[in-house]
Protein chains: 4
Amino acid sequence: MPEKVKAVVMTAPGEIEVQELPYPKLERGALILQMQMSGICGTDKHAYKGEKVLYGGTEAEQEIVYPTVHGHENVGTVVEICPEDKYLIEYHGQELNVGDRVTMCPNIICGHCWYCRHIFAYPFCAKNTTIGLSFPSNKPPYVVGGWAEYMFVPPRSWVYKVPEEMPDELASLTEIFVVSATLDRAKEFSRLEARGFGFADTVVVQGAGAMGCMHVAKAKMLGAGQIIVIDESDQKMNLAKEFGADVAINVKDVSHQERVKIIKDLTEGRGADVVVETAGTARAFVEGLDYTRRGGTYIETGSFVDTGEVAVNVHRHIAAKNVLLIGNSNHPHTGYYQAMHMMMKYRKEYPFEKLITHKFHLDDGKEAMERSFDPECLKVVFVP
Amino acid sequence: MPEKVKAVVMTAPGEIEVQELPYPKLERGALILQMQMSGICGTDKHAYKGEKVLYGGTEAEQEIVYPTVHGHENVGTVVEICPEDKYLIEYHGQELNVGDRVTMCPNIICGHCWYCRHIFAYPFCAKNTTIGLSFPSNKPPYVVGGWAEYMFVPPRSWVYKVPEEMPDELASLTEIFVVSATLDRAKEFSRLEARGFGFADTVVVQGAGAMGCMHVAKAKMLGAGQIIVIDESDQKMNLAKEFGADVAINVKDVSHQERVKIIKDLTEGRGADVVVETAGTARAFVEGLDYTRRGGTYIETGSFVDTGEVAVNVHRHIAAKNVLLIGNSNHPHTGYYQAMHMMMKYRKEYPFEKLITHKFHLDDGKEAMERSFDPECLKVVFVP
Amino acid sequence: MPEKVKAVVMTAPGEIEVQELPYPKLERGALILQMQMSGICGTDKHAYKGEKVLYGGTEAEQEIVYPTVHGHENVGTVVEICPEDKYLIEYHGQELNVGDRVTMCPNIICGHCWYCRHIFAYPFCAKNTTIGLSFPSNKPPYVVGGWAEYMFVPPRSWVYKVPEEMPDELASLTEIFVVSATLDRAKEFSRLEARGFGFADTVVVQGAGAMGCMHVAKAKMLGAGQIIVIDESDQKMNLAKEFGADVAINVKDVSHQERVKIIKDLTEGRGADVVVETAGTARAFVEGLDYTRRGGTYIETGSFVDTGEVAVNVHRHIAAKNVLLIGNSNHPHTGYYQAMHMMMKYRKEYPFEKLITHKFHLDDGKEAMERSFDPECLKVVFVP
Amino acid sequence: MPEKVKAVVMTAPGEIEVQELPYPKLERGALILQMQMSGICGTDKHAYKGEKVLYGGTEAEQEIVYPTVHGHENVGTVVEICPEDKYLIEYHGQELNVGDRVTMCPNIICGHCWYCRHIFAYPFCAKNTTIGLSFPSNKPPYVVGGWAEYMFVPPRSWVYKVPEEMPDELASLTEIFVVSATLDRAKEFSRLEARGFGFADTVVVQGAGAMGCMHVAKAKMLGAGQIIVIDESDQKMNLAKEFGADVAINVKDVSHQERVKIIKDLTEGRGADVVVETAGTARAFVEGLDYTRRGGTYIETGSFVDTGEVAVNVHRHIAAKNVLLIGNSNHPHTGYYQAMHMMMKYRKEYPFEKLITHKFHLDDGKEAMERSFDPECLKVVFVP
């Protein structure tokens with residue numbers, strides 16, 4: 001193994017450096033991976049802009065640390081594992097060996113607290129730490145994030161084996177696909193009477209970024225009847241159409257009120273059955289509630305970090321709307337194999353790989369980050 | 001039958017008159033009742049204050065009319081019914097005759113529109129009209145509200161037979177008890193993993209008025225573990241304790257932050273599993289979200305009319321909270337017999353009749369309305 | 001209009017005659033249709049064999065009458081309608097006129113009984129009558145079934161307008177596609193913890209007839225991961241594969257125990273997450289439970305008529321299996337537009353029209369019925 | 001600590017001996033308890049009769065071993081714990097010390113297999129072992145069951161702290177109360193349209209033993225409207241009435257058909273909304289399905305061991321009944337604190353302690369077992 005590991009380090013908001021960090025030392029329950037690919041996520045971009053509070057106001061509140069090696073959408077190959085941990089680290093006890101390629105859930109949970117023992121599928125742990133966000137790079141084990149040649153996967157992490165025939169590109173998208181599990185919850189809340197996310201329902205997705213496109217794909221896979229996507233980039237929305245969107249509305253072309261009218265016209269005057277917010281602005285929240293029909297379902301999954309306040313009319317947006325609203329800032333650890341299986345099964349029907357619009361070498365860390373803010377850019381990944 | 005019907009008429013916001021209206025003429029599908037009792041509801045009080053838009057921003061939007069005979073929490077005795085309608089008007093086809101005492105769902109739905117044919121239990125009809133709110137008293141059939149000696153129940157209404165041994169007081173409370181059906185929905189959303197309204201959950205009820213007390217009772221009936229009530233009246237909260245509240249917090253005694261702290265201290269630091277807003281102010285909405293634990297359930301059922309805007313932090317209140325939020329402005333027509341059955345079965349355990357703190361004769365219509373704003377007043381009813 | 005209507009009449013079990021019946025007389029609430037197409041359903045075949053009790057042991061128990069005009073999978077064109085009923089008969093109040101093509105829910109419910117007012121989506125009515133099964137052809141209105149040139153649609157029926165561009169073949173399949181709504185219910189019961197019908201689940205469909213193929217299609221539309229079909233006809237199973245089945249098991253090739261083993265091998269040793277019984281034999285029920293994993297979901301939807309008894313081990317098949325079992329003998333009236341919309345949207349992906357393997361003229365009524373028992377035959381339809 | 005531990009050992013079906021076993025040796029992750037109380041459960045009685053296969057036909061299939069120390073409804077006080085395990089063994093990470101009184105979930109799960117990582121609340125583990133059933137008493141650690149002076153709680157067990165003011169009697173009933181969590185699942189499946197276990201529903205409980213009485217209590221706590229109990233012992237049913245049963249039907253007094261008629265008469269002719277089978281005979285299963293209304297819910301939780309086969313009519317009992325059937329052989333580890341909290345909160349309203357009809361010293365092990373088969377006997381416990 002090398003003595004040094006090249007890594008992209010965010011040293012402060014707005015500051016990116018390429019550094020040589022010490023190669024980490026294996027310990028019981030941990031893994032060391034040689035990295036294949038690691039994405040830049042919206043959370044990383046928020047951190048770069050200094051909007052850093054995660055889970056604000058909850059007992060799991062967490063500040064993103066500086067300096068740290070970011071990167072939690074990871075694909076790497078096991079290079080070190082303790083023999084005793086062979087059946088411990090893969091999510092449901094499958095054998096794990098040097099040479100296996102894996103992806104991971106970035107949330108590391110304590111496994112013992114009230115949340116860990118009562119809310120299972122989601123990592124709601126009060127002591128949650130997150131790969132690529134919570135570990136300082138100036139202390140061992142240094143590289144707990146994927147923007148590096150090698151990374152250390154801490155004890156109590158869960159990894160998932162990537163099928164041999166699956167390309168790194170697809171595997172690196174697993175985590176963001178898993179976020180769409182809120183649509184599965186909306187299915188739980190469906191009723192033969194028209195509640196939740198029912199068969200043939202009209203689904204609006206606000207935002208046509210990687211997250212938005214993934215929700216379009218998931219909505220289609222779960223039996224949506226008509227899918228409408230809203231964004232300010234025609235290029236992104238054209239890709240969303242390849243994922244299954246039937247209608248695209250560019251916010252630059254029409255006003256808020258016109259957008260509401262278009263959606264009502266497409267739904268016999270009612271509004272959408274299900275609306276998913278992936279745009280990540282506070283304003284999109286109230287606009288999306290205006291798109292939603294009476295008794296409809298609204299999923300707020302774009303505000304992973306604090307994006308400020310917005311004025312809500314409690315009568316009009318919530319009570320009189322009789323809305324079912326699902327807030328989400330997470331992804332269930334149960335969803336990873338499902339996501340990989342379905343991406344592989346339907347890779348011809350859905351152009352998942354096109355979501356990766358840019359690849360960078362670690363040496364170009366700052367440029368990669370800057371480019372990720374480009375309006376036409378979807379997913380940027382590092383290839384070491 | 002008499003030629004004239006004494007009735008309490010709201011002629012304009014803030015204006016109440018006792019008038020003699022023409023006795024209505026029976027028609028096919030309708031009923032005429034001699035009134036036993038009719039309550040003053042929060043919606044009536046909002047109308048008196050001029051806050052009159054119902055279902056704002058939805059396709060069922062509706063303005064309360066003036067002049068009108070209010071009164072939709074009604075108990076009366078059938079005095080006229082067409083023989084052909086014997087099996088038509090009672091909710092599930094039971095025989096209905098002169099002399100039968102009934103209560104009613106105030107919502108009259110078309111039965112044919114998309115909402116009527118797809119969202120069943122709730123009256124979401126796009127053409128909804130409401131007894132006691134939508135019918136002008138200066139046009140036939142004049143008295144479509146319960147604050148009168150006689151009332152006309154329009155075609156396509158549904159009535160429910162009141163059990164013989166049930167006092168009018170209890171029967172008049174049926175409709176507001178049915179509003180708590182959102183707690184039944186929260187049970188639908190419960191999971192053995194701690195979601196929705198689970199067994200032994202901590203429930204907070206914001207507001208200790210008649211609606212609040214009914215939600216306390218319902219929460220207890222459905223297996224709540226700990227019930228916390230929040231109001232500014234100790235008298236109301238003492239009554240809420242008789243309904244099952246374990247803890248009362250007076251908002252005059254402690255600040256918002258202290259209230260949040262008290263609730264967290266009562267729940268091992270997490271916050272309440274379920275919070276129900278019955279206070280009817282926009283500010284209560286965000287405060288209630290602060291009471292709710294991560295992954296908890298919030299029911300917004302107090303904003304039946306437009307009470308203005310409030311600033312919401314989408315990240316903190318919704319996404320990071322991972323909240324399941326249920327908006328409600330209604331009551332299911334399936335709930336009336338259940339409500340009556342359970343009020344009768346448990347009338348010794350829950351002091352339902354104490355919710356009626358004041359009774360007025362129709363001649364004292366204006367005084368009744370003014371008194372209903374008294375902070376220590378719960379439910380005011382008219383007895384003709 | 002003609003004076004006589006040619007119709008295929010089942011005069012007794014095993015007896016089919018082509019008769020000239022009187023043209024029916026329109027009445028308020030009814031429709032008269034000129035028929036385009038009408039299918040032969042499994043229930044018709046059971047009636048032909050004399051297995052005629054429907055809803056056995058329930059308060060809706062019903063015997064199929066003789067003589068009667070069968071046919072409840074109907075597509076026809078309105079030729080007579082009372083002007084006053086223009087907005088009454090289409091399911092959610094849309095305008096209906098002479099010349100409109102429609103399909104229908106065969107169940108006619110009273111709309112007033114406890115079931116009609118409490119279990120909405122499904123026609124559980126205690127006084128249910130069924131088009132094509134309950135109306136004698138020797139009394140007016142004679143032709144209440146689709147195997148005829150014209151048919152009478154009785155008052156309180158619900159019809160659905162067929163989109164102009166939709167071929168009769170597709171429209172005639174609507175009702176059987178709607179039966180798969182139990183898979184939507186299984187989605188309601190899904191959990192992020194692995195319950196109900198979750199994303200990427202393995203689904204087994206027992207039987208590859210028209211009903212089986214429709215369930216394969218629906219399972220795929222709702223996000224199944226792996227679909228296994230079991231039948232004794234390779235030809236039918238090849239078609240099931242075109243609908244989305246990944247694996248086909250011929251019961252002639254392998255024993256019960258080997259079938260269980262194959263399914264366990266395909267599911268890491270656990271058994272299928274969801275199993276749907278459409279084969280219509282009592283034996284298939286216990287075999288299907290053996291396919292189901294611990295905590296899995298079993299849908300019994302093949303036994304529309306009495307097919308006899310089978311020995312069940314309550315511990316092994318039910319309790320120790322911790323199964324969630326959904327019995328079904330019906331289709332929700334809310335599902336018809338969804339079904340038509342999705343068949344049209346995905347008509348290139350799913351070969352719905354191939355389900356119709358045989359078309360017959362009414363003159364060949366007996367031959368049509370006999371042919372429908374052919375093992376390689378899927379759906380037989382009459383084209384008048 | 002003593003050198004020897006007195007214990008009641010089942011050496012073979014029908015054979016009970018009181019033995020002196022070696023005192024067990026503490027190890028990491030384990031506890032040693034001094035026993036306060038341990039119940040005799042139906043499973044123990046089945047083992048005594050030689051009906052020993054658990055989870056038959058599933059991959060978790062398990063035979064009860066001989067000789068073993070039975071006893072899995074346990075209350076004991078910690079006498080030994082490794083200091084490093086202080087925060088490990090209590091269910092959600094609370095501190096555990098010598099002197100703490102605990103109860104336990106008897107199922108020990110691997111925590112790593114597919115079931116452990118996908119079906120959370122229930123211990124569906126493929127490698128499940130069970131305290132009081134799976135551990136031979138002739139090998140270390142000898143006493144892994146509660147019918148002893150001291151017992152060894154194996155690593156990976158979960159224990160729950162008993163509140164100081166809670167008597168041993170109540171605490172020993174925790175596990176059987178938790179079995180009623182299927183009623184919470186039935187609440188999950190409730191709908192405002194009448195499905196699952198809704199508010200004010202009629203619930204039938206088959207069997208008035210300890211399990212039956214606990215289900216009566218739970219049904220009442222969750223808002224049942226009318227509770228009917230069926231057994232052959234008037235004494236047991238009188239106790240069930242103290243728990244909330246409104247009606248008792250003695251199977252000795254009336255025939256199967258008369259029982260069905262009584263239940264239909266109590267439900268306007270429909271049958272019960274929810275039926276729970278706790279009688280533990282295969283015949284009760286089909287009888288209970290006859291009690292269930294169309295579209296009702298049936299919970300099979302009495303067949304914890306193999307009780308043989310019964311003839312089921314798939315059309316009449318399952319499909320035409322449109323039943324939702326929940327099989328159960330388990331109790332969720334999330335339910336223990338809820339159960340203890342609610343038993344304490346409502347100990348005046350429900351006579352939980354009366355369920356313990358007999359207490360025995362360990363010296364009288366065989367007599368205790370024999371007595372437990374007495375028809376009037378409910379729960380027998382050992383007090384060392």
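This passage describes how the chains of a predicted model are related and how selected elements within them are arranged.

The relations between copies are considered first.

The contact between chains A and B draws 50 residues from chain A and 50 residues from chain B. On the side of chain A that touches chain B, at least two residues each are supplied by α2 (114–118), α9 (282–291), β17 (292–300), β18 (309–313), α10 (314–319) and β19 (324–327) of chain A. Divided by class, this side of chain A comprises 24 nonpolar, 16 polar and ten charged residues. Strand pairing also takes place between the two chains, in that β18(A) and strand β18 of chain B, which spans residues 309–313, pair in the antiparallel sense over five bridges. Within this pairing, A:Asn313 stands opposite B:Glu309 in β18(B).

In the contact between chains B and C, 13 residues of chain B meet 13 residues of chain C. The side of chain B that touches chain C consists of five nonpolar, five polar and three charged residues. Since 100% of the interface residues of chain B are also interface residues in chain C, the copies meet through the same surface.

Within chain A, the domain assignment gives domain 1, made up of residues 4–177 and 332–382, and domain 2, made up of residues 180–327. The centres of domain 1 and domain 2 of chain A, taken over C-alpha atoms, are separated by 28 Å, and the contact takes 21 residues from domain 1 of chain A and 19 residues from domain 2 of chain A. On the side of domain 1 of chain A that touches domain 2 of chain A, α1 (42–48), β4 (53–54) and α4 (174–178) of chain A each supply at least two residues, and α1(A) gives the most, with three residues. By class, this side of domain 1 of chain A has eleven nonpolar, five polar and five charged residues.

In chain B, strand β8 (residues 101–105) has five of its five residues buried, so the strand is largely enclosed by the rest of the structure. The burial extends to both faces of β8(B), with B:Arg101, B:Thr103 and B:Cys105 buried on one side and B:Val102 and B:Met104 buried on the other. Two pairings of β8(B) can be described. Strand β7 (residues 74–81) of chain B pairs with β8(B) in the antiparallel sense over two bridges, and here B:Gly76 has B:Val102 of β8(B) as its bridge partner. Strand β12 (residues 158–161) of chain B also pairs with β8(B) in the antiparallel sense, over four bridges, and B:Tyr160 in β12(B) is the bridge partner of B:Thr103.

In chain C, the buried residues of helix α7 (residues 234–243) are C:Lys236, C:Met237, C:Leu239, C:Ala240 and C:Phe243. Viewed down the axis of α7(C), these buried residues fall within an arc of 155°, so they line one face of the helix. Among the elements that cover the buried residues of α7(C) are α6 (210–221), β14 (226–231) and β15 (247–250) of chain C. Just after α7(C), C:Gly244 takes a positive phi of about 130°.

In chain D, three strands form an open sheet in the order β2-β1-β6, with antiparallel pairing. Its edge strands are β2 (15–22) and β6 (68–69) of chain D, each of which pairs on one side only. Strand β1 (residues 4–12) of chain D pairs with β6(D) in the antiparallel sense over two bridges, and D:Val69 in β6(D) is the bridge partner of D:Val9.

How values were computed:
Residues are numbered from 1 along each chain as its sequence is written. Chains are lettered from A and ligands numbered from 1 in the order in which they are written. This is a predicted model: local features need pLDDT of at least 70, side-chain atom pairs count only at pLDDT 80 or more; totals for chains, interfaces and linings use all residues. Two residues are in contact if their C-beta atoms, placed from the backbone, lie within 7 Å. Ala, Val, Leu, Ile, Met, Phe, Trp, Tyr, Cys and Pro count as nonpolar, Asp, Glu, Lys and Arg as charged, and the others, Gly among them, as polar. Two strands pair if DSSP finds at least two bridges between them. A residue is buried if 20 or more other C-beta atoms lie within 10 Å of its own, exposed if 12 or fewer, and partly exposed in between; C-beta atoms are placed from the backbone. The arc is that of the directions from the helix axis to the C-beta atoms. Domain bounds come from an automatic or database domain assignment.
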